[in-house]
Amino acid sequence: EIQAQLLRALQEREIQPVGGRVRRVNIRVVAATDAPIDGGSDFKAALRHRLGGCEIFLQPLRKRQEDIGELLWIFLRDFLSETDATHILPRPDGDRHEVAQWANLFHAFVLFDWPGNVRQLANYARQISLASAQDLVFPEVLREKMLVVENVKTPVNEIMRKSADVSEQEFLDAMAACLYEPTSAATLLKISRTAVYRRIGESSILRIAGEVPQDEIRSTLEACGGDLKQAALILKVSSSGLRFRLRSAGKVRD
């Protein structure tokens with residue numbers, strides 16, 4: 001019943017308040033849903049098409065892995081600020097143990113499937129913040145939920161390759177084509193992300209953003225006029241990794 005009334009209001013640009021007169025209105029509607037409404041649902045097709053003047057489809061978080069680290073950093077920073085515990089955030093001069101702890105945390109978040117999307121990520125980040133009073137604590141209950149080696153499901157008809165079957169030149173070409181983003185390169189080469197990171201670690205040409213000396217990052221950014229993406233291409237590292245490195249050092253603000 002409500003759908004029919006809303007449809008008429010949108011079509012006729014007229015509404016009638018209870019006990020009032022019919023009057024013309026000029027309205028714009030922004031609607032969102034996480035449920036399928038095309039076919040097989042009770043959602044009226046006419047209203048669906050009336051609302052569909054400009055449609056934007058957003059992929060689930062698990063399909064946008066380059067955003068996971070960015071979001072986790074923002075949530076952790078904000079939640080830890082509430083408890084005056086920002087001192088536990090990773091520092092450029094942190095020791096190897098500290099770096100390894102944070103690397104394991106971010107790795108687990110990137111590999112997780114995130115059925116609850118950004119709200120679930122924020123919830124998990126808050127749990128970590130509440131547990132981390134003096135040092136980073138990855139609660140065991142979250143660790144058990146999240147630590148899956150490869151949680152991204154591969155279509156049945158897609159055959160994954162062995163890393164050994166990918167030549168060095170093919171690997172370098174794929175990394176360049178994907179702007180040095182490991183997740184995109186893994187998809188292109190049909191190998192696991194773990195294998196991509198292992199190949200980067202073994203390469204004499206490639207490296208991750210965390211391994212680039214600070215002076216080299218600074219001089220490259222200056223040469224690029226502060227263009228982070230261009231600097232990442234010159235350094236042959238992912239722009240998201242470089243952005244996180246700079247945020248950790250307090251060089252980039254949201």
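Residues are numbered from 1 along each chain as its sequence is written. Because the model is predicted, local features need pLDDT of at least 70, side-chain atom pairs count only at pLDDT 80 or more, and totals for chains, interfaces and linings use all residues; side-chain values use heavy atoms, with hydrogens and water left out.

Confidence comes first. The term pLDDT stands for the predictor's confidence in each residue, from 0 to 100. For this chain the mean pLDDT is 85, and 92% of the residues reach 70 or more. Among the elements of the chain, H5 has the highest mean pLDDT (94) and helix H12 (residues 239-248) the lowest (79). Over residues 149-157 the pLDDT is below 50, yet this stretch has 12 contacts in the model beyond near neighbours in sequence. A contact here means heavy atoms within 4.5 Å. Where pLDDT is low, the predicted coordinates should not be read in detail.

Next come the helices. The helices (H or I, at least four residues) and strands (E, at least two) are DSSP runs, numbered from the N terminus. The expected span of a helix is 1.5 Å times one less than its number of residues. Helix H4 (residues 96-111) has 16 residues and should therefore span 22 Å at 1.5 Å a residue, which agrees with the 22 Å between its end C-alpha atoms.

A residue is called buried under 20% relative accessible area, exposed over 50%, and partly exposed in between (1.4 Å probe, protein chains only). In H4 the buried residues are Glu-98, Trp-102, Leu-105, Phe-106, Ala-108, Phe-109, Val-110 and Leu-111. In H5 they are Gln-120, Leu-121, Ala-122, Tyr-124, Ala-125, Ile-128 and Ser-129. The cover over these residues of H5 includes helix H3 (65-82), H4 and H6.

Trp-114 counts as buried because its relative accessibility is 0%. Asn-117 lies in helix H5 and is also not a glycine, with a positive phi of about 55 degrees. At 28% relative accessibility, Asn-117 counts as partly exposed.

On a 1 Å grid over the protein atoms alone, a pocket is an open set of points with protein on both sides within 12 Å along at least five of seven lines, whereas a cavity is a set where a 1.4 Å probe fits but cannot get out; lining residues have an atom within 4 Å of a point. Grid points are joined across faces, edges and corners, and a volume is the space filled by probe spheres set on the points. The second largest pocket holds about 1300 Å³ of space. Of the 33 residues that line this pocket, Ala-31, Ala-32, Thr-33, Asp-34 and Ile-56 are the closest to its centre. Helix H2 (45-51) and helix H5 (117-131) each supply at least two residues of the lining. The lining divides into 18 nonpolar, 6 polar and 9 charged residues, where Ala, Val, Leu, Ile, Met, Phe, Trp, Tyr, Cys and Pro count as nonpolar, Asp, Glu, Lys and Arg as charged, and the others, Gly among them, as polar.

Some single residues remain. Ser-163 lies in the loop between helix H6 (140-146) and helix H7 (168-177) and is buried, with a relative accessible area of 15%. Leaving aside neighbours within four places in sequence, Ser-163 is in contact with Ile-191, Ala-195, Arg-198 and Arg-199. Ile-200, in helix H9 (residues 193-202), is buried at 4% relative accessible area.

Phe-244 is placed in helix H12 and counts as partly exposed at 27% relative accessibility. Not counting residues up to four places away in sequence, Phe-244 touches Trp-73, Pro-90 and Phe-106.
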